[in-house]
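This report takes up metal sites and helix packing in turn. Please keep the sequence and the model in view while reading.

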Amino acid sequence: MAISIDTQKLVDLPALESALAVASARHNHLCPRQVLGARCAIAASAALELAVPRIDKRLLVIVETDGCFVDGVEAVTGVSVGGRTLRVEDYGKIAATFVDVKTERALRVAPQIDVRTRARDYAPEQSQRYFAMLHGYQRMPDDELLSFEWVTLSTPVAAIISRASARAICDECGEEIINEREVQEDARTLCRTCAGNQYYTAEKLQQGVRL
Ligand SMILES: [Zn+2]
Ligand SMILES: [Zn+2]
């Protein structure tokens, strides 16, 4: 689907500046990735026609990395892991998908492939690459800085969000599982760990060693 982003529109400077103030304050520095996060979020919110920052849960953001980029996204949108409006799918990529939970429209935004080189054209006064990115990313128009793609989520929004009141008990370890993250195996209800998808290996406690 064609993306209708107004390429003539200049960078939304007030929104960008206030977001960068928030992001850099919690981060103790301002870096190019925070700028990219803020720019992605401002452009995506505009394309989805959602006012930001939000205090409701209508905007869901799936970021493809952790780190500074996410601070920029959070500062613009108000989404958070605690609010269950931000999810990290760690693919190690500077990209994010912005989802209007009500309409299920989802827009993936990432920097253009050659954005580091192009940034120099917008910050000719900066001789160092890092600072050319830091300042160039703040000045480049959306269509030169970012690429946009409407996408369909592999997991429906309702399943991602799930029912907050859902509770199950793992038949193996007995721990409680919330948000419908349990797995059914034959007639058993299991947590993902007991179903074999653990991210850790338990160490055997040695006799006489106290935790
Ligand atoms: Zn940083
Ligand atoms: Zn279990």
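## The site of ligand 1

How are the donor residues of the zinc ion (ligand 1) spaced in sequence? They follow the pattern H-x1-C-x36-C, and the model in which they are found is a predicted one. The zinc ion (ligand 1) is coordinated by the NE2 atom of His29 and by the SG atoms of Cys31 and Cys68, at 2.1 to 2.2 Å. Within this site, Cys31 in the loop between H1 and helix H2 (32–47) and Cys68 in helix H3 form a pair that links distant parts of the chain, 37 residues apart. Because water is not among the atoms, a site of this kind may look incomplete.

## The site of ligand 2

The zinc ion (ligand 2) is coordinated through the SG atoms of Cys170, Cys173, Cys191 and Cys194, at 2.3 Å, and along the chain these donors have the spacing C-x2-C-x17-C-x2-C. Cys170 is placed in the loop between strand S6 (167–169) and strand S7 (176–178), whereas Cys194 is in the segment after strand S9 (188–190), so that this pair ties together parts 24 residues apart in sequence.

The angles among the four donor atoms of the zinc ion (ligand 2) run from 100 to 116 degrees, and the site is tetrahedral. For four tetrahedral donors, the ideal angle at a metal is 109.5 degrees.

## Packing of H1 against H3

Helix H1 (residues 13–27) packs with helix H3 (residues 68–77) at an angle of about 135 degrees, the two axes being 8 Å apart, and the two helices are therefore oblique to each other. Their crossing is right-handed. On the H1 side the contact is made by Ala19, Val22, Ala23, Arg26 and His27, and on the H3 side by Cys68, Asp71, Gly72, Glu74, Ala75 and Val76. Divided by class, the residues of this contact comprise six nonpolar, two polar and three charged.

## Packing of H2 against H3

The axes of H2 and H3 cross at roughly 40 degrees and come within 6 Å, an arrangement in which H2 and H3 are therefore oblique to each other. The crossing of H2 and H3 is right-handed.

From H2, the residues Arg33, Gln34, Leu36, Gly37, Ala38, Cys40, Ala41, Ile42 and Ser45 meet Cys68, Phe69, Asp71, Gly72, Val73, Val76 and Thr77 of H3. The contact of H2 with H3 has nine nonpolar, five polar and two charged residues. Cys68, named here among the H3 residues, is also a donor to the zinc ion (ligand 1).

Note on methods: Residues numbered from 1 in each chain as written. Chains lettered and ligands numbered in written order. Predicted model: local features only at pLDDT ≥ 70, side-chain atom pairs only at ≥ 80, totals over all residues. Heavy atoms only, no water. Axes fitted to C-alpha atoms, helices over the stretch in contact; angles between N-to-C directions. Helix = DSSP H or I, 4+ residues; strand = E, 2+ residues; numbered from the N terminus. Parallel < 35°, antiparallel > 145°, perpendicular 65-115°, else oblique. Left-handed = near helix turned anticlockwise from the far one by under 90°. Contact = heavy atoms within 4.5 Å. Nonpolar A, V, L, I, M, F, W, Y, C, P; charged D, E, K, R; others polar. Donors = N, O, S within 2.8 Å, 3.2 Å for Na, K, Ca; no water. Tetrahedral: all angles 85-135°; square planar, octahedral: opposite > 155°, others 65-115°.
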